[in-house]
Amino acid sequence: MQNSQITTFFEKLQLHIDNKELVKLTLAGKRDKNSDLKKLIVSPVELKKGYYLNFVYRHNTKDITKNFEITEGIDLLLKLLENDFLNADLFSAKENINLSTLPNGKTLLKFNKPTMTTNLTFTHDKPKERLIDTKDNIYLRELGITNINGDVRREMSDKFKQINQYIELLSPYLNELELTDEFHIADMGSGKGYLTFTLYDYVTNRLKVNIKTTGVEFRQELVDTCNNIAQKADLSGLSFTKGTIEQAELHKIDILIALHACDTATDDAIFRGIKSEAELIVCAPCCHKQIRKAMHVQNELANVTRFGILKERQAEIITDTLRAMILEAYGYKTNVFEFISLEHTPKNVMIVGRKTKGFPRNKQDIFKNISAIKELYGIEKHYLEKLLEI
Ligand SMILES: C[S@@+](CC[C@H](N)C(=O)[O-])C[C@H]1O[C@@H](n2cnc3c(N)ncnc32)[C@H](O)[C@@H]1O
């Protein structure tokens, strides 16, 4: 099927890769409406073994990531465009190129001015170098993650891994949003601020967007410490405020973060995100007491909740499943991943919802499914439903 426009598109792709100007390439518009694979996001990475293409296969409920050597990656992209997707968008530092397949099967190639700069960090090439730069990094030193020489302190290496993993998980979402200086991130229950500083650093220094960020925390001593560090590090768009997740006064919220906020505090945060029509809602729930107490199973599943530890695990799954479904009902396409939490459990989940136009098609179906799950587990209401007055 290769016509001259496709050939031009792939020649351009090769050129931008050769010049290390490629920022991102996406394939979208599934040919088969029933396919679970809905998008492909490709970005360049420089690994120890060389320059590679990182493919993120976005499925309905999960992302799969693979790295391919350039020639293999380009061959694969061509096949995916032929068989799976109708449209391709290439973003380079020099130009944007859009290749669309029209209903009559013809293709249309459009060239536009660039909208993205290369933020290639090539972080995968050296084992110690990560998305968050330790060099001359004042806040990492003040937080005790690095020493005076800028090296990660041995006892903080797990924490450093966690903050980098956090940015790695979020970066595809941030890249998808058209971030502007007007965006406001609210980090609810910011605690010691590790992840608040890191996200602010990544967006302002790597993505070059002068975003505003507020950490909300009810412990005054943590607020003061974090504000002092932000001042020392000259991070003018980042501040911390004493307040509660439920009531802290915030001008607006475009990205709502709530990491390891206990029990229903996560729901309070999600509720604020939904009410503020945040573009992105990210939470990593911690304990799940509300649903555990609310579960009164009186059917074949009774044995599944008979043993304390197993009931607890069920409660976690049900709590977060319902959160994800409620987010979907309110227009957020939602994914759930594994995220490392060092302070509580060895592993837990991260729920990410992206506000998506035209989604969901049938909100009532989602509510019906939520009711069915609640009925099965004898749950009257999820706390988030109470907040939303569903
Ligand atoms: C476990 S820490 C997590 C800190 C940080 N988000 C992280 O993941 O590294 C939870 C923080 O949320 C704060 N917190 C809990 N409930 C809150 C609420 N309702 N309003 C404001 N802060 C809250 C606690 O004081 C604590 O510092």
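In the predicted model, a nitrogen atom of the ligand lies 2.9 Å from a backbone N or O atom of Ile245. A backbone N or O atom of Leu259 is placed 2.8 Å from a nitrogen atom of the ligand, and an N or O atom in the side chain of Glu217 is 2.6 Å from an oxygen atom of the ligand. On its own the ligand has 600 Å² of accessible area (Shrake-Rupley method, 1.4 Å probe), and the protein covers 88% of this area.

The model is a predicted one, in which local features need pLDDT of at least 70 and side-chain atom pairs count only at pLDDT 80 or more, whereas totals for chains, interfaces and linings use all residues. Residues are numbered from 1 along each chain as its sequence is written, and side-chain values use heavy atoms, with hydrogens and water left out.

The ligand is surrounded by 15 residues (a heavy atom within 4 Å), and the closest are Gly189, Glu217, Ile245, Leu259 and His260. This shell consists of five nonpolar, seven polar and three charged residues, with Gly counted as polar and Asp, Glu, Lys and Arg as charged.

The protein chain is divided into domain 1 (4–112), domain 2 (131–252) and domain 3 (257–262 + 281–390), with bounds from an automatic or database domain assignment. Because domain 2 and domain 3 both give residues to the shell, the ligand lies between them. The C-alpha centres of domain 1 and domain 3 are 34 Å apart. Six residues of domain 1 are in contact (heavy atoms within 4.5 Å) with five residues of domain 3.

A search of the whole structure gave one cavity of 30 Å³ or more, a cavity being a set of points on a 1 Å grid over the protein atoms alone where a 1.4 Å probe fits but cannot get out. The largest cavity holds about 30 Å³ of space. Its lining (residues with an atom within 4 Å of a point) is formed by Lys30, Arg31, Asp32, Ser35, Leu37, Asn83 and Asp84.

Methods: A polar contact is a pair of N or O atoms within 3.5 Å; within protein, one must be able to donate a hydrogen and the other to accept it, and residues adjacent in sequence count only if both atoms are side-chain atoms. On a 1 Å grid over the protein atoms alone, a cavity is a set of points where a 1.4 Å probe fits but cannot get out, and a pocket is an open set with protein on both sides within 12 Å along at least five of seven lines; lining residues have an atom within 4 Å of a point. Grid points are joined across faces, edges and corners, and a volume is the space filled by probe spheres set on the points.
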